[in-house]
Amino acid sequence: MMAIETAMSSNDGSNHHLVHSDDPMHPANHICTLCAKFYTLGWVTGTGGGTSIRHGEHIYIAPSGVQKELMKPTDIFVMDFNNREYLRRPNVHKPSACTPLFLAAFTRGAGCCIHTHSQWAVLVTLLVERDFGKDACFEIEEIEQIKGIPKGRGKQGNLGYYDRLRIPIIENTAQEEDLTDSLEKAMEKYPDTYAVLVRRHGIYVWGDNVHKAKTQCESLDYIFQLAVEMKKLGLLWTNK
Ligand SMILES: CSCCC(=O)C(=O)COP(=O)(O)O
Ligand SMILES: [Zn+2]
């Protein structure tokens, strides 16, 4: 009976078994729980932002333009990472416009990528000057929470209190998917980074797994809020 159901669901593209699990940590369940939490932080309001998880060779992707805090596991798309074909396409939705950006993170070894429209991230991008022809980068040091950010891909441990945190900033585009080229360029230019800010838009944060992506995103959001308040008080982010 089970084999027949699986075959039937494969034929119509729904492949329900890929998103059906009683395990709260199953990616289809986990994305929904995380987005509901992120909504309360102002990270995924008004359908903006989202989260994607890589589990083995399967990529779990939210639908586009939906209230991310109200998603159900049956709303989730599943893509085969190797051939980029959808194994499951809920036919009432399109996949997130952030998909090519999430894939850029997964190609570089990430297990989870979070995109937020946090106002703290947006404000920080407005406070870092735009110098035409030059790369923009948010930099801060001597803040305890910097210790929540890893040193870099393939490097052991996290940044220290006296290390400088650098997060590249790319310019926004009219369409989310058109950010992909500049995101990939920033990833190449800053191989140690686990995040890229998008001016006037938000941030992409990724990690080796869901736990790391989430805690890094929390640490960064804390640092961005602090940085905005420091700027208001006339305090410098770096010593020189
Ligand atoms: C008001 S949200 C505009 C689109 C966007 O920036 C975003 O992050 C959401 O994209 P999605 O396709 O996942 O809804
Ligand atoms: Zn966005």
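I shall discuss the metal site and then the ligand beside it in the order of my notes.

This is a predicted model, in which local features need pLDDT of at least 70, side-chain atom pairs count only at pLDDT 80 or more, and totals for chains, interfaces and linings use all residues. Residues are numbered from 1 along each chain as its sequence is written, ligands are numbered from 1 in the order in which they are written, and side-chain values use heavy atoms, with hydrogens and water left out.

Which residues coordinate the zinc ion, ligand 2? They are H115, H117 and H201, each through NE2, and E176 through OE, at 2.0 to 2.7 Å; donors are N, O and S atoms within 2.8 Å of the metal (3.2 Å for Na, K and Ca), and water is not among the atoms, so sites may look incomplete. In sequence, the spacing of these donor residues is H-x1-H-x58-E-x24-H. H117 lies in the loop between β5 (112-116) and α4 (119-127), and E176 in the loop between β7 (164-170) and α5 (180-189), so the pair ties together parts that are 59 residues apart in sequence. Here helices (H or I, at least four residues) and strands (E, at least two) are DSSP runs, numbered from the N terminus.

Turning to ligand 1, one of its oxygen atoms is 2.4 Å from an N or O atom in the side chain of E176. For H201, the corresponding side-chain distance to an oxygen atom of ligand 1 is 3.2 Å. A backbone N or O atom of G65 lies 2.7 Å from an oxygen atom of ligand 1.

Note on methods:
Polar contact = N/O pair within 3.5 Å; in protein donor to acceptor, adjacent residues only side chain to side chain.
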